[in-house]
Amino acid sequence: MGQQRIFKRKIYDALLEWKNSPIHNSALLIEGARRIGKSTIVREFAKNEYPDFIMVDFRNESDDVKALFNNTKDLDAFYRNFFLLQNHVLKPGGLIVFDEIQFCPKAREAIKDFVADGRYDFIETGSLISIKENTQGIMIPSEERRIEMHPMDFEEFLWASEKNDSYPLLSEFLKKHEEVPQQIHREYMEKFRTYMLIGGMPKVLSIFLETNSFKLAEQEKEDILKLYRDDLRKHDDQHGTICGQLFDAIPAQLAKENRRFLLRSGIGAGRYSKIEKSLHDLSDFKIVTRIPYVADMQPPLSLAQEEGRFKLYFCDTGLLLTKLFALSKQNDGEAFFAFIKGRHSLNLGALYESIIAQQLTAMGFTLYYHKYRLGDFENGKSKTYELDLVAEEAFKPIAFEVKSSKTYTTASLDHLKDKYPQLKIERIVTGIKNLKYEGDKVTLPAYMIPLFF
């Protein structure tokens with residue numbers, strides 16, 4: 001197979017905004033999980049937007065280069081020696097990229113001096129699986145602007161796979177509150193399920209586009225999952241955490257009807273306090289999305305968060321599908337095509353929740369889930385309703401019900417006004433059904449999520 005393709009990514013605009021900012025007093029740190037394309041997009045940005053650049057990969061860099069960062073007070077001497085070891089002299093105004101910065105903590109600490117000097121721009125990339133492990137004993141620079149990078153979203157997937165930009169035209173149906181023509185709706189649902197199956201990891205998509213082989217794409221996803229497990233195992237050995245156990249338990253938990261993560265069945269009996277660090281580390285590494293419970297819908301939702309109740313999803317639904325197909329022992333071509341056509345027996349509810357959560361997280365939303373009760377509490381005639389996902393935008397709460405079948409009820413959304421009459425809550429049903437507006441409730445096809453907000 002040929003070289004991995006370079007795909008158009010939305011984060012490129014954020015890089016441009018940083019470069020062109022009139023107040024240019026920071027380095028840029030791009031955080032995110034491994035294999036999502038951080039190094040690739042930064043290299044492409046450097047080639048396109050700077051007259052010259054040097055990219056230092058600290059994973060493979062020599063000890064001699066790393067040792068230079070132990071003393072950066074004399075920057076003239078530092079740059080002279082640095083350029084000699086790089087065999088390249090960079091003129092002022094160029095860019096220096098510190099790739100995999102976690103493997104040279106002293107380089108990260110020196111960012112303060114580099115930014116103050118002003119001769120060059122600096123971009124750092126780091127996999128959060130390691131970046132926190134290598135900051136002891138150094139001063140974290142305040143001169144860093146941090147942005148998160150995520151796996152490819154659905155629109156980026158379309159850019160890569162179809163080489164067209166017609167997707168935004170669907171927003172016209174939103175503006176006019178019109179149903180999408182059925183043929184177009186079916187086509188986009190198949191495209192969306194293909195995206196769910198392949199996932200948002202650039203190399204996986206590159207392999208699939210070159211070979212049209214689901215099998216080879218699955219092999220690459222299995223390699224990524226193994227890489228994540230190896231990273232987590234190293235982290236657990238060093239810190240006494242159980243991140244690996246939590247990660248491995250997610251697919252089996254999601255395969256159940258109740259997708260809330262149950263600690264007893266997931267990792268064995270134990271108090272929440274004993275695994276709190278593992279949960280926080282796993283979330284910070286960005287290879288999972290953690291969705292906590294909130295006890296109230298009154299913004300700000302973070303004030304009603306309960307730490308011990310949560311859902312966990314993989315950062316990439318394609319990786320989750322690889323694990324679920326393996327659990328069901330249906331990971332062959334026939335199963336893949338059945339999934340794309342919407343005719344598969346997997347627990348689709350979990351998968352659609354996962355992909356909706358993935359899209360909303362990439363758009364910057366902080367997600368939660370919520371339960372509420374209504375009825376005659378004294379006589380035991382109350383009923384509990386659960387909202388799959390909740391969020392807020394400009395202090396306005398948003399409630400999502402995720403539906404993976406054509407026949408369903410929306411009682412949890414319908415009774416919200418009874419529970420919270422004082423709140424104006426935006427109510428969205430999302431899944432496989434076509435666009436429909438019913439008063440202030442919207443049925444939104446899953447492929448339209450990036451266009452709606």
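Author: Helix α18 covers residues 348–362, 15 residues in total; helices (H or I, at least four residues) and strands (E, at least two) are DSSP runs, numbered from the N terminus. From its first C-alpha to its last, α18 reaches 21 Å, close to the 21 Å expected at 1.5 Å a residue, where the expected span is 1.5 Å times one less than the number of residues. The model is predicted: local features need pLDDT of at least 70 and side-chain atom pairs count only at pLDDT 80 or more, whereas totals for chains, interfaces and linings use all residues. Residues are numbered from 1 along each chain as its sequence is written, and side-chain values use heavy atoms, with hydrogens and water left out.

Helix α18 is mostly covered, with 13 of its 15 residues buried; buried means under 20% relative accessible area, exposed over 50%, and partly exposed in between (1.4 Å probe, protein chains only). After α18 comes Gly 364, which has a positive phi near 100°.

One element that packs against α18 is helix α8, whose buried residues also pack against α10 (182–198) and α11 (202–211). Helix α8 comprises residues 154–162, and seven of these nine are buried, so the helix is largely enclosed by the rest of the structure. The buried set consists of Phe 154, Glu 155, Glu 156, Phe 157, Leu 158, Trp 159 and Ala 160.

Beyond neighbours within four places in sequence, Glu 220 is in contact with Arg 35, Lys 203, Val 204 and Ile 207; contact means heavy atoms within 4.5 Å.

As for the setting, the protein chain holds 21 helices and 13 strands. Buried residues account for 53% of its 453 residues. Of the contacts between residues at least 6 apart in sequence, 71% join residues at least 24 apart. Along the principal axes, the C-alpha atoms fill a box of roughly 80 × 50 × 45 Å.
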